[in-house]
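This briefing goes through a single model, topic by topic. Please keep the sequence and the coordinates at hand while reading.

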Amino acid sequence: LKAFPPEGLSTHARLDRDAILQALETEAEIARRFPFVSGSGSPYAVTTRAGAWLRTAEAVKAGGEAADALARRVAAETEKLRADAGLGVLPPGFVIDKVVAGLAKASVGAPEGLAKALAAQAEALALLRPRAGDGGVRFEDAETYYALVLKANLGAAITPAEAHSRGLDACRRFSARADGLLRARGLNKGSVSARLTALSRDPRFLYSDDDAGRDRLVADMNAWLDKAKSRLSRSFGAVPKGAWTSQVSRMSAADEAAARQGYREAPSFDGKRSGVYFVDLAAIRSRPRWTLASVAHHECVPGHMLQIPMEEGAGAHPLRTRLACPGFSEGWSIYAEQLADEEGAFAGDPLAELGYLQWMLFRAGRLVVDTGLHAKGWSRTKAEAWFADLQGPPPVFAPIAQDVERAAIGPGSIAGQGLSWLGLVELRAAARRRQGRDFDLKAFHDAVLWPGTLPLAMLRAQVLG
């Protein structure tokens, strides 16, 4: 790709080439320095989120050669586990424990050959368990590895120490704001997290656990969404037709009964396919109404359902979207929450503002947990306790332990999301300083979104020249 001449390419094709090249150069450096890992996703061959063992049920259902082929893949990954362990590359102990338990469950009813391969993998992991740590990456030169995966997820170089510091600074800012709002409500005693916990349990702000309550919640979110749509022209130039179609909806009865997590169907650029966010409502009594306004801005507009159709309209190569800056899409939607606050979305509604602040503590807290585990030597226990003390009950329908596990398994991934958000805020401030009175927010957003996803380093060059 580096040898491919850029001369004669269209503007977008040249962006495709340059952005993908930058991403692949980072991947190549990881591969040269750490040949035992497969890209920037995770240094571990087998975890609760990766490995052939996760496809056992599918292979058993298919039977015959499918089960035999999977047994061979499991055996090969077991050998890789042993080889990696010789280099000091071991998943955290608590992840090993969960995988061993999962392997035992998966082997029940499996054909003999596959069952033996699964049992052998469980045995190998159990033997490695005493050597495993309880947090982030700990192999030789892990500091360099982590810096590279941060670069891969952000699309720009940053030291782990700086990333950690940025996350902590954001946590302090949002915590101070939340403290002021809580005090204004007469909630003066205890930490911010303790007071948010108490507020989240106040029955006055909870929906009823029935169809009427779920319908009311969805109606309230769509009301927030309608207000967000009415503000789009204030901060954005040409808005794709698809963005105007976005709405919040209940899931099917089957999905609600199965406690499926929230998901979206993104709108098309031309608006022929509507955008829908299906909100998770199984545990509706754990979802105070004041936490939901920020969700509408993040999941719909000006978040994902503005950025995704604009990405389609940009015509960026799919590899650019996937490789150039993996943290950008989520980072943009966090930025969108902050933008809504700056536009006055929560003015006169201090409870909704508190909900926004709790979400931002969650976003910034994930960045701190990721960097804490992999750059500061935090254990899983410390990470979980710190996160709980920051935000109280997580506003997302996922336990804190799940986020900590995700960060431990995939270094840099959720940190990249938080850093992309903070990078956009920093880039906007730099553009405002440079352009002074000529700064135009609509033009800034056009410059960020209409080219399609770019690595942050390239985006800075595009915006600042």
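Val425 lies in helix H19 (residues 413-435), where helices (H or I, at least four residues) and strands (E, at least two) are DSSP runs, numbered from the N terminus. The model is a predicted one, in which local features need pLDDT of at least 70 and side-chain atom pairs count only at pLDDT 80 or more, while totals for chains, interfaces and linings use all residues. Residues are numbered from 1 along each chain as its sequence is written, and side-chain values use heavy atoms, with hydrogens and water left out.

**Surroundings of Val425**

- Val425 is buried, with a relative accessible area of 19%; buried means under 20% relative accessible area, exposed over 50%, and partly exposed in between (1.4 Å probe, protein chains only).
- Apart from its neighbours within four places in sequence, Val425 is in contact with Tyr335 and Gln338, contact being defined as heavy atoms within 4.5 Å.
- Val425 and Arg363 are separated by 62 residues in sequence and by 14 Å in space, C-alpha to C-alpha.

**Nonpolar core**

- The largest nonpolar core has 132 residues, of which Leu306, Trp332, Leu354, Trp421, Val448 and Leu459 touch the most other members.
- The largest share of this core, 14 residues, is contributed by helix H16 (residues 350-375).
- A nonpolar core is here a set of buried Ala, Val, Leu, Ile, Met, Phe, Trp, Tyr and Cys residues joined through side-chain atoms within 4.5 Å.
- Val448 touches Phe328, Trp332, Leu424, Leu459 and Val463, when residues up to four places away in sequence are not counted.

**Helix H8 and its cover**

- Seven of the nine residues of helix H8 (residues 192-200) are buried, so this helix is largely enclosed by the rest of the structure.
- The buried residues of H8 are Val192, Ser193, Arg195, Leu196, Thr197, Leu199 and Ser200, and what covers them includes helix H7 (160-184), H16 and helix H17 (380-391).

**Salt bridges**

- A search of the whole structure finds 34 salt bridges, each being a side-chain nitrogen of Lys or Arg within 4 Å of a carboxyl oxygen of Asp or Glu.
- The side chains of Arg177 and Glu353 form a salt bridge at 2.6 Å, N to O; Arg177 lies in helix H7 and Glu353 in helix H16, so the pair ties together parts that are 176 residues apart in sequence.
- Arg177 is partly exposed at 31% relative accessibility, whereas Glu353 counts as buried at 18%.
- Not counting residues up to four places away in sequence, Glu353 touches Arg177, Leu181 and Phe346.
- Arg195 and Asp179 also meet through their side chains in a salt bridge (2.6 Å, N to O), which links Arg195 in helix H8 to Asp179 in helix H7, 16 residues apart.
- Arg195 is buried, with a relative accessible area of 5%.
- Salt bridges that share partners join Asp209, Asp211, Arg214, Asp215, Arg250 and Glu256 into one network.

**Strand S1**

- Strand S1 (residues 247-250) has a covered face, formed by Val248 and Arg250, and an uncovered one, formed by Gln247 and Ser249.
- In a regular strand the side chains alternate between the two faces of the sheet.
- S1 pairs in the parallel sense with strand S3 (residues 276-279) over four bridges, where pairing requires that DSSP finds at least two bridges between two strands.
- Val248 stands opposite Tyr277 in S3.
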